[in-house]
4 protein chains.
Amino acid sequence: MAASRLRQQVYAALPVGEEHRGAPWMAALIIANVIVATATTLLQSVPELQPFMAEHTTLPVLCGSIFWAEFCLRLWTAPECDRLWGKFPLLGKCGSYLVSFHGVIDLLVCVPLVFLLAGFPPGGWLSLFGVISLFKLSRYVTSLELVAAAMQNERHTLMALVLTLGLLLIVLSTGLFLIEHEAQPGQFKSIPHTMWWGIVTLTTVGYGDMSPVTLAGRILAGMTMLIGIGMLAIPTGVIAIGFANERRRRELLQTWKIVSSLPLFKGLDANWISEIAGLLKTLMVPAHVIVITKGEFSTALFFIVDGEVEIDLHPTPRRLKSGEFFGEAGLLQNKPRSATVTTVKPTRFLVLGLAEYQSLISRAPDLRKKLEETASQRTRESR
Amino acid sequence: MAASRLRQQVYAALPVGEEHRGAPWMAALIIANVIVATATTLLQSVPELQPFMAEHTTLPVLCGSIFWAEFCLRLWTAPECDRLWGKFPLLGKCGSYLVSFHGVIDLLVCVPLVFLLAGFPPGGWLSLFGVISLFKLSRYVTSLELVAAAMQNERHTLMALVLTLGLLLIVLSTGLFLIEHEAQPGQFKSIPHTMWWGIVTLTTVGYGDMSPVTLAGRILAGMTMLIGIGMLAIPTGVIAIGFANERRRRELLQTWKIVSSLPLFKGLDANWISEIAGLLKTLMVPAHVIVITKGEFSTALFFIVDGEVEIDLHPTPRRLKSGEFFGEAGLLQNKPRSATVTTVKPTRFLVLGLAEYQSLISRAPDLRKKLEETASQRTRESR
Amino acid sequence: MAASRLRQQVYAALPVGEEHRGAPWMAALIIANVIVATATTLLQSVPELQPFMAEHTTLPVLCGSIFWAEFCLRLWTAPECDRLWGKFPLLGKCGSYLVSFHGVIDLLVCVPLVFLLAGFPPGGWLSLFGVISLFKLSRYVTSLELVAAAMQNERHTLMALVLTLGLLLIVLSTGLFLIEHEAQPGQFKSIPHTMWWGIVTLTTVGYGDMSPVTLAGRILAGMTMLIGIGMLAIPTGVIAIGFANERRRRELLQTWKIVSSLPLFKGLDANWISEIAGLLKTLMVPAHVIVITKGEFSTALFFIVDGEVEIDLHPTPRRLKSGEFFGEAGLLQNKPRSATVTTVKPTRFLVLGLAEYQSLISRAPDLRKKLEETASQRTRESR
Amino acid sequence: MAASRLRQQVYAALPVGEEHRGAPWMAALIIANVIVATATTLLQSVPELQPFMAEHTTLPVLCGSIFWAEFCLRLWTAPECDRLWGKFPLLGKCGSYLVSFHGVIDLLVCVPLVFLLAGFPPGGWLSLFGVISLFKLSRYVTSLELVAAAMQNERHTLMALVLTLGLLLIVLSTGLFLIEHEAQPGQFKSIPHTMWWGIVTLTTVGYGDMSPVTLAGRILAGMTMLIGIGMLAIPTGVIAIGFANERRRRELLQTWKIVSSLPLFKGLDANWISEIAGLLKTLMVPAHVIVITKGEFSTALFFIVDGEVEIDLHPTPRRLKSGEFFGEAGLLQNKPRSATVTTVKPTRFLVLGLAEYQSLISRAPDLRKKLEETASQRTRESR
């Protein structure tokens, strides 16, 4: 029982876990450890530093110990993790962790310490285990999720492009080998050798260690370069469009979440939420503009997507930011606005207009009753 | 008669043919054969392996035989293929196959066997026939269709860009030749020689085998590089937009197909389908959200584009996936929902709202009768 | 009078002029002449061919004469050209032609003949005049117009990007010069010398004739390369979006032209056309689908943007292609369709629905009368 | 008091300040000074020119003096600048200027003069101060604002991409070091040395000073190049989409500003403006088309976004350009148009249709009264 509670606490503190006080410090420790381990690995490979590094093994041993500690704690707390269900039901949660991407990485980076303690010199193939600890950092970089989702959606097209590149690489290299082999038998020894030239040229890297000298070879090489430009252009376009689609998909989801999170619409079914989400309009307003004038009649509920507004309340004005909303009381009771609202920064709203709202509730008397109850309750409570 | 039936069977088994049990095995055989033939060709060009390869010709002969067999079967079964009609009516279907892209490739890859059996050594120009067998694989890569259609739509612009690149190549190379010829007469021998420098620079490959040394030459070369960046940027933008347009075009077609495939709307004309397709709204819903509550009144028909929902039926819940729909009974009869529907994954719906549906049928009493008949019939049958 | 008529004829025959029988032949002659002149110029620069080319000057003289003839004819017929008005009212049309882009090119390519006849050897700086004849071809490449318009719209941003690149080039080169000067005084002689390294690296060309060897130099060079990637990414994005906007702008214009070209709406003001254009919906239909069934009641007017449909008329069916329309009689008279219409290819329509049309004419009784007159007149005439 | 007025005058004349007569001349002087200072710095680094430049120090001293003068004036007039408020309230406006980007640059470029007068030779590390004067020019390049805002919006994704590139750089370089170290111990000395190869290859620069020779090394290098292409494609896509979103955001803001700037709608709240902005439609009209015919009944108010129209008034026609509007009188009074309006160039309008306008004011009698008052007042005044 106590062990179970301790395990929960430890899990919550391990980044990226629940919101525990210790989590940021643990994250800092783990990231610092990865950076130190990688830096040590890089420096171990420098010939001038090797004698020095071979003597001073305290740091590598310390890093390795922290990796081991992290791995053991993660393995122990795996049963607390909800995301690990379902993929490999036979393996249980600990087993699922061990075969997951992060589990494999966490285990692999523990390998060098064993060899180090067994007396093997650092460096060599062990350094590979040192640098893959960098993949542990992918837990903390969440901004790439959108890019990854975009590439995931377009994976069939991108894979087909890589296959096409491979096909072109072989055919063009064979052609250039046949043309250039006689002129430069030392350079263009065989088709596999010529494929090195091919990939260097198709990707527009162009080292210049192999380049054709005959007229026919140069014409074929010129065509290869043009094809290479095309091969660069297509995935760029594909990824750009995939990225735009993924972002639009997430915006639709966000609108949905905004509507369903409004207290006014709490407890409604997805079909009503969808109806209401469809009625919202996006509105951009510059800074320092009056959105609502006190005493005027209401026309809309305003939800702030980003930006900031100020409500002119007595005695202290109140500021609303991204995620907050105003104007819902007026929408339901059709009485004059009780305060003036002004934008502080350029602000993007989602607006539910009075006309759209009325056409919605006229079609659904049940919804009207529900909404008015919610609203009168809110008015009594605040503002 | 028996021959004709056999031919049909063989045609169905030849990939990419009809849905025959043997087709996947045939595809695997053909793809494996292409890979083996290409690998053999690549290895034959390696000087160290040439004596060995010259002795062991069983594998090339086997590959060549399979190519011959495939070609003969495809030629024989060509009359079964519907796609070959119309292009060359005079040649008949067998002739049309022979002059089609795949027919030419299928025939060309049969060439090496003939020379091999005639005693010619492998390698040399014959290896080109070996590697173009890779083009046979284009039958199986369907994901590039969208990219190809996008480039097809923008072909005029892309062709004009290639012509512009050629024009700039000649003019810039002439300029650099005039500037650099005196300083490096060995390198910049003539304008055609300088064009090699031009294409290497414009495509940003940059081998470095030829580069200007004079001040004027380097200024012109710097401008050439900037133009090269521009020449890379334009086709990327053009392809990206072509790709986006092609995808949107296909989405419009898909919405059309979804509506016309619904049993409710079966047998309607394109003009009605178009009216209904225009009324559909896209709706994104996160996972584990209630879409419809049992006992509530209906507001919409939901069509699942991608994702998954669960219908809470007794005794076993039922799951609906991409391509299925629900809620159509309620749309027509305005009675309470008979079951609760919840999303299992993030799901994208196309929704036909009640209000839109009613305004549609109020304008067309004929349509209403037709739809109600279809619906009552479906209700009697299932769900 | 006769001279004037002759001039009109000649102008019409000169490409790209009016629709004259001779124009394609003239275009072919001029394009062939440009290609021959350019090829001659390129070959004159090859040392091995120079004695041969110096002896045989018939071809250059012939090309030059044709250039002179073209120039004189274009100058003479300039008064027939409408596009030359307005830019330089003081110069008149002939003067406007002489200072226009094409006029300058047409004149410059005439220069080599003069020197050739004066006994100067071919080649040298004269070859520049030879290759710029390629710019004459820009008269015939119209597909680049969209790209040019897109770049024109984004010119401020693109120019600012080039300036930024120049700024970064100078600052980064100064930095690398300070770092690398001591290690490689022969290579990194001065800041202007180092700027050659800078432009080669920022554009990712990478000749490799100058590259840093010190640690600090390589770190700065790595940052320069990353900045170079960024400098490649930004204009690509800017051009792609400019291209998309330009295309959308042209599509809006095209919808406008389609509506105003329909006989039904001939003679309406722009404000009515705009109202109607706003009511059109885009509709994609796959091939072999019934768009209208004979005997059903009408719901829409269909305008074919691209694709093809077949009207099932007795005794011979009739095909309609891009730019044609059908269904307008039914829209006005609300009587059953007189024939079935089926798509032959995947077809994109612009559809004017009955409901939208009726709400339009209910608001404007004048418009109704006008349209019904036009329609009844058309029905009497055909179909 | 006089000092304060003088300071206001000086502030207004300093670019980019208020609209003062002297501002363009001051801008020209400052830009010229930056260019001269940079050119001097570049030339000072050329070995051949160094004796000459060391003797003639008048120009550097003059440039430095102007920089000092500019800096002192800007520091003195800082209290006049409104943009400097708020960031560092403790420092005051002069302090805020000193720690702002431009303040730091303005101060740094003053450094060389001090050393020069103290007798230090020009060149060396001082040249860095010379070239960073180029950053002063960023005050005058406003077109990059859109690009900068787009990159600002996507900064998390772009930063994550740079981190990913760093991660891949270290892992791939470690791999190649392990493979190639034995074959080329002189080139691939250590992992940090190999990282130079890695960045040169990932960015597709490809100097060719280090390149693998073993088969395994070349395969890994080929994969590195493909990853490099991907790393180029992703930021391009991200920036393109960020640019498109930023532009759309600004267009929404612009529509808002257009509506709120119309005299008809002056003094309305943001919620009414938003309602009206949502009713506007974009309309593209080619040149030389009648938009409104005299005597016809009104249907819309036309706002010119770009392009030009001509109103056929007696005795002299009047031209309206971007930012002007027409047709508002007819919208309110429903009487025949008093003049014909024709487009002179292809013109983009924002149109407020009669139907949309009427449905708007029917919902809000207050608004109607307000608008009719404004309109009748305008009609009396003009047109």
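In chain B, B:Thr236 sits in helix H12, which covers residues 215-261. Keep in mind that this is a predicted model. B:Thr236 counts as buried because its relative accessibility is 7%, under the 20% cut-off. Setting aside neighbours within four places in sequence, B:Thr236 contacts A:Ala233, A:Thr236, A:Gly237 and C:Thr236.

## Thr255 in chain C

Once residues up to four places away in sequence are left out, C:Thr255 touches C:Ala277, C:Leu280 and C:Leu350. As for C:Ile191, 64 residues away along the chain, its C-alpha atom is 56 Å from that of C:Thr255.

Across all chains, the structure has 49 salt bridges. Opposite charges on side chains can pair when the charged atoms come close.

In chain B, B:Lys136 bridges to B:Asp106, with the closest N and O atoms 3.3 Å apart. B:Lys136 is in the loop between helix H8 (126-131) and helix H9 (144-153), while B:Asp106 is in helix H6 (residues 101-108), so the pair ties together parts 30 residues apart in sequence. Both B:Lys136 and B:Asp106 are buried.

Chain C has a salt bridge between C:Asp106 and C:Lys136, at 3.2 Å from N to O, and both residues are buried. In chain D, D:Asp106 pairs with D:Arg74 at 3.9 Å, N to O. That pair links helix H6 (residues 101-108) with helix H4 (residues 58-77), 32 residues apart.

Over in chain A, a salt-bridge network links A:Glu70, A:Arg74, A:Asp106, A:Lys136 and A:Arg139.

Note on methods:
Residues are numbered from 1 along each chain as its sequence is written. Chains are lettered from A and ligands numbered from 1 in the order in which they are written. This is a predicted model: local features need pLDDT of at least 70, side-chain atom pairs count only at pLDDT 80 or more; totals for chains, interfaces and linings use all residues. Side-chain values use heavy atoms; hydrogens and water are left out. Helices (H or I, at least four residues) and strands (E, at least two) are DSSP runs, numbered from the N terminus. Buried means under 20% relative accessible area, exposed over 50%, partly exposed in between (1.4 Å probe, protein chains only). Contact means heavy atoms within 4.5 Å. A salt bridge is a side-chain nitrogen of Lys or Arg within 4 Å of a carboxyl oxygen of Asp or Glu.
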